[in-house]
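Colleague: I would like to learn how to read the features of a model like this one. Could we take them one at a time?

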Amino acid sequence: MDWRDGFFRELVEHSEDIHIVADKGLIIRYVSSSVAKILGIEPVSLMGRNIREFIQREKFENLTTHLREGTGKFTHEFMLPGADAQMVYFDVSASQLLDRQEFTGVIFKLNDITEKKLREDQLIRSNRQLDQVIYKTTHDLKAPVMSALGLVKIAEMVPDGEKDQYIGMIKKSLLRLDSFIEEMNDFYRNEKLAVQREKVSIEQLLLEEWDNLKNLYPDNAVDVFWDIHEDCEWHSDRLRVKTVVTNILSNAIKYMDLQKQNRFIKIAARVTEEFCDISFEDNGIGIDPLYQEKIFDLFFRATDRSQGTGLGLFIVKDTLERLGGEVKVVSNQGQGTTFHVRIPNQIHQSVEIG
């Protein structure tokens with residue numbers, strides 16, 4: 001069948017794949033219009049060019065020989081910059097174009113497999129992270145469990161007047177264990193659950209989380225200052241926003257500077273049509289400049305005061321990325337830390353956004 005045949009054109013022009021026809025010298029003679037949509041290249045600009053200028057030369061150096069030897073097809077994976085400047089992955093197949101059994105050219109079919117590749121990469125990343133989390137968490141969970149069991153044995157043997165002291169120590173170990181479990185729940189939910197859209201009152205959410213956290217750390221007295229402005233409705237995933245708020249606020253409490261008398265946390269939030277901006281400022285111990293680029297890494301701990309799994313800030317960043325948001329940190333060691341969080345307002349989007 002002649003490649004100029006109208007039926008062939010009709011078939012390929014309605015395909016989501018890119019079709020290219022080249023002569024036996026691999027000079028491009030036809031390109032489907034889908035190349036403009038996928039790669040942002042006008043078909044006419046490719047006409048008369050060697051296919052090796054379009055697809056990496058080294059991948060197809062022996063293509064002509066390969067096809068002329070009668071093996072029929074040639075397949076390969078490669079990538080090209082797309083119309084939006086992001087890389088597009090293709091599974092490309094090349095087939096002989098014959099006229100009375102004589103080799104006259106090649107038909108290329110470029111199948112966009114970007115979504116598949118991204119899913120594969122995400123699966124590999126998730127599995128790798130899961131392996132790390134399981135190993136690390138099972139190791140870290142042993143410490144508070146063994147500590148609590150040891151304290152129970154001691155408490156059983158001491159006089160009644162001393163038992164309260166050990167009960168308090170056991171409580172701390174169990175709270176640490178509870179913190180580990182909650183971090184694991186956050187990690188699991190963030191990995192597995194689709195992002196939801198619902199109306200969220202950031203003021204109510206912040207107040208609720210502060211009430212929960214201040215009861216967990218009753219000995220760490222701190223003044224809290226609020227500055228919240230909800231200029232319009234805000235829609236996001238409440239569970240994930242709660243995860244972000246909880247992790248950042250609990251860090252502000254855990255890493256307060258106990259040498260300072262006037263300890264404070266300043267919480268500010270503003271909701272607009274586009275974003276919800278939240279800042280958490282404290283005058284705690286701050287973060288060493290050497291570690292500020294690493295605090296969002298999996299299992300990273302910036303101080304020996306850290307007793308968690310090292311998942312908290314990793315979960316914050318990962319959660320915000322799933323919400324289309326971002327987080328920035330400004331910190332001076334010995335003076336304090338400020339986290340700036342920005343989350344898009346999904347008010348105009350569909351019920352489920354991910």
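Colleague: In which strand is W226 found?

Modeller: First, the conventions. This is a predicted model, in which local features need pLDDT of at least 70 and side-chain atom pairs count only at pLDDT 80 or more, while totals for chains, interfaces and linings use all residues. Residues are numbered from 1 along each chain as its sequence is written, and side-chain values use heavy atoms, with hydrogens and water left out. Helices (H or I, at least four residues) and strands (E, at least two) are DSSP runs, numbered from the N terminus. W226 is found in strand β7, residues 223-230.

Colleague: What is W226 in contact with, leaving aside its neighbours within four places in sequence?

Modeller: Contact means heavy atoms within 4.5 Å. With those neighbours left aside, W226 is in contact with L206, L207, W210 and I267. The C-alpha atoms of W226 and F280 are separated by 10.0 Å, and the two residues are 54 apart along the chain.

Colleague: How does W226 count in terms of accessibility?

Modeller: Buried means under 20% relative accessible area, exposed over 50%, and partly exposed in between (1.4 Å probe, protein chains only). W226 has 34% relative accessibility and therefore counts as partly exposed. Of the 354 residues of the chain, 42% count as buried.

Colleague: How many helices and strands are there in the chain?

Modeller: The chain has 9 helices and 12 strands. Among contacts with a separation of 6 or more, 61% are accounted for by residues 24 or more positions apart.

Colleague: Which residues touch the most other members of the largest nonpolar core?

Modeller: In soluble globular proteins, nonpolar side chains tend to be buried together. A nonpolar core is a set of buried Ala, Val, Leu, Ile, Met, Phe, Trp, Tyr and Cys residues joined through side-chain atoms within 4.5 Å. Here the largest core has 37 residues, and I202, F280, F339 and V341 touch the most other members. Elements that each supply at least two residues of this core include α7 (202-216), α8 (238-254), β10 (275-282) and β12 (336-344). The largest share, 7 residues, comes from α8. Apart from this core lies another, of 22 residues, among them V31, V88, F108 and L110.

Colleague: And what is I202 in contact with, beyond its neighbours within four places in sequence?

Modeller: Its contacts of that kind are I228, E230, W234, V241, A269, V271, C276 and I278.

Colleague: C276 is a cysteine. How many disulfides does a search of the whole structure find?

Modeller: A disulfide is a covalent bond between the sulfur atoms of two cysteines. The test applied is a pair of cysteine sulfur atoms within 2.5 Å. The search finds 0 disulfides. The closest cysteine sulfur to that of C276 is in C232, 9.4 Å away, which is too far for a bond. C276 is buried, with a relative accessible area of 0%.

Colleague: Which residues line the largest cavity?

Modeller: Rolling a probe the size of a water molecule over the atoms shows where empty space is left. On a 1 Å grid over the protein atoms alone, a cavity is a set of points where a 1.4 Å probe fits but cannot get out, and lining residues have an atom within 4 Å of a point. Grid points are joined across faces, edges and corners, and a volume is the space filled by probe spheres set on the points. The whole structure has 1 cavity of 30 Å³ or more, and the largest has a volume of about 30 Å³. I248, L249, A252, I265, F280, E281, D282 and F339 line it. The elements giving two or more residues to this lining are α8 and β10.

Colleague: Where does L26 lie?

Modeller: L26 lies in the loop between β1 (18-23) and β2 (28-31). Its phi is positive, about 65°, although L26 is not a glycine. At 0% relative accessibility, L26 counts as buried.

How values were computed
1 Å grid on protein atoms, 1.4 Å probe; cavity = no way out; pocket = protein on both sides within 12 Å on 5 of 7 lines; lining within 4 Å.
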